[in-house]
Amino acid sequence: MRDRFIIDEGQTVCVRRRTVPEPVPMFQIKNQLGSGGFGAVYEALKINSKTKSDETVVLKLERADAEYPQLKIEYTIYTKLHDRQSKKLRNFAFFHRFACDVELQSKEVVDDPRLPDFGQVKFRGPQSFNILALEKLGPDLLTILKYAKANDFYLLNKHYNQKYNKGLSFTTVINTGEQIFSALEYLHSKNLLHRDIKPQNILTGRDDRKQNIFLVDFGLSKCYRNGMKEMPDEHKHGPGTDFYKSINITSPSKDQRENISSASLRDDCISAIYVLIELYKGELPWGKYDRSQKKKIYEMKEALLNEKKWKAEFPELLPLCPVLEDLHVLQFGETPPYRDIKQTFDAMKTHRNYRQDEYLDWLIEENGFDILWQPKITKRRTC
């Protein structure tokens, strides 16, 4: 029998262990971060935390009977990515750390009439759930970009190329890209594909790891190699977010699918380049189009394979154009040229618009991004 979790009337998540007769309090719910048909995501306090930095955690809940369960996949991947017992784990960048000894278990939710006060998902009677407890990270890149645009950061920061660079600074885009590709190289070395690279799934750190970038949300990830056996190309649409999918795994219309490929290593990297373009410009070149306009979006992605597009709209990022071209022509099972990509980023650091005395925009206090790391006040509704 596995440990069972319950939420009592005080919104305390308890674990019911086989060796202890009464439930043991483990987390105190603070607020809900998100929800869906799968379950919910909460911010919570870890009871009896040994250090202040480990006090706040993220709890991901998922119905045990979900048709497409994701938490078990995420748990397996996080376990594969790093050794939980490693002494270096605390300073290990790129991926979430587990927040406690109990990561993935069966959970029982007791119906509580006060749950809707927090805007939480209301369940009728006891329900069986999976729960994954992870460290609390900082805001995602989309949140940071939206804040920058809302406050005309490109004017405040006096971006050198204000006509095109209306998102984060060129320096931040390069340093962020370098970290993202280092994370992807490590992820791929573990025989794993992410398959949903986008700004929402790239988070910043907190406290002494605020300068680090983290890839999160591995619910759509897949193991592409088992021993010496690699997964076959099934030539069909895979999961992911349409705006960030490469043209290798999409088609201009439902009737044109003859050249489509399944997602592979190259496609994670192509999605990452799309992310960097968005961070630089403030939006994707095709961001104003509706998802249903597949042909137009496809054509605009295809146009990125031509240097003229880069010279006209984001000249500072021009060295990434040949990188995108090289990734695009890779065969399904080929490994991306990570070393060449790293050298490209190193070369871009010699650009006259790269500020050697800066690193990431949100690390500079006067830029005002610190507000995004401050705790949000949750107002409780009254009945």
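This is a predicted model: local features need pLDDT of at least 70, side-chain atom pairs count only at pLDDT 80 or more; totals for chains, interfaces and linings use all residues.
This is a short walk through a few local features of the structure above.

Hi everyone, thanks for coming.

Let's begin with Lys60. The UniProt record, an unreviewed entry, puts a "binding site" feature at this residue. So where in the fold does Lys60 sit? Lys60 belongs to strand β5, which runs over residues 56-63. Is Lys60 buried or exposed? The cut-off for buried is under 20% relative accessible area, and Lys60 counts as buried because its value is 15%. If you look at what surrounds Lys60, leaving aside neighbours within four places in sequence, you find contacts with Ala40 and Val41, with Leu71 and Glu74, with Asn130, Ile131, Leu132 and Leu134, and finally with Asp217.

Asp217 is in the loop that links β11 (213-215) to β12 (222-223). Its phi is near 60°, which is positive although the residue is not a glycine. Asp217 is partly exposed, at 28% relative accessible area. There is a second case to show you, at Arg195. Here phi is positive too, about 75°, and again the residue is something other than glycine. Arg195 is found in the loop between β9 (192-193) and β10 (202-204), and with 21% relative accessibility it counts as partly exposed.

Now let's turn to helices, starting with α8, residues 320-329. Which residues of α8 are buried? They are Leu320, Cys321, Val323, Leu324 and Leu327. These residues cover an arc of only 160° around the axis, and therefore they lie on the same side of α8. As a reminder, an α-helix has 3.6 residues a turn, so positions three or four places apart point the same way. And what covers the buried residues of α8? The cover includes α5, α7 (307-313) and α9.

While we are in this part of the model, have a look at Ile247. Ile247 sits in the loop between β14 (229-230) and α5 (265-281), and at 8% relative accessible area it is buried. Not counting residues up to four places away in sequence, Ile247 touches Tyr274, Tyr298, Lys301, Glu302, Leu305 and His328. Here is a distance to go with that: Ile247 and Glu299 are 52 residues apart in sequence, while their C-alpha atoms are 9.0 Å apart in space.

On to charges. Side chains of opposite charge can pair when their charged atoms come close. How many salt bridges does the model have? The count comes to 15, and I'll pick out a few.

Take Lys349 and Glu178, whose closest N and O atoms are 2.8 Å apart. Lys349 lies in the segment after α9 and Glu178 in helix α4 (residues 170-189), so this pair ties together parts that are 171 residues apart in sequence. Glu178 is buried, with 15% relative accessibility.

Lys342 forms a salt bridge with Asp346, with 3.3 Å between the closest N and O atoms. Both residues are in α9, four residues apart, which is about one turn of the helix. Lys342 is partly exposed at 48%, and Asp346 is partly exposed as well, at 33%.

The side chains of Arg355 and Glu358 also meet in a salt bridge, 3.6 Å from N to O, and both of these residues are buried. There is a network as well: salt bridges with shared partners join Asp242, Lys245, Arg291 and Lys294.

Let me finish by staying with Arg355 for a moment. Arg355 lies in the segment after α9 (338-348), and its relative accessible area is 13%. Which residues does Arg355 contact, leaving aside neighbours within four places in sequence? They are Asn157, Lys158, His159, Tyr160 and Thr171.

Methods
Residues are numbered from 1 along each chain as its sequence is written. Side-chain values use heavy atoms; hydrogens and water are left out. UniProt positions are given in the numbering used here, feature names are shortened, and annotations may be inferred rather than shown by experiment. Helices (H or I, at least four residues) and strands (E, at least two) are DSSP runs, numbered from the N terminus. Buried means under 20% relative accessible area, exposed over 50%, partly exposed in between (1.4 Å probe, protein chains only). Contact means heavy atoms within 4.5 Å. The arc is that of the directions from the helix axis to the C-beta atoms. A salt bridge is a side-chain nitrogen of Lys or Arg within 4 Å of a carboxyl oxygen of Asp or Glu.
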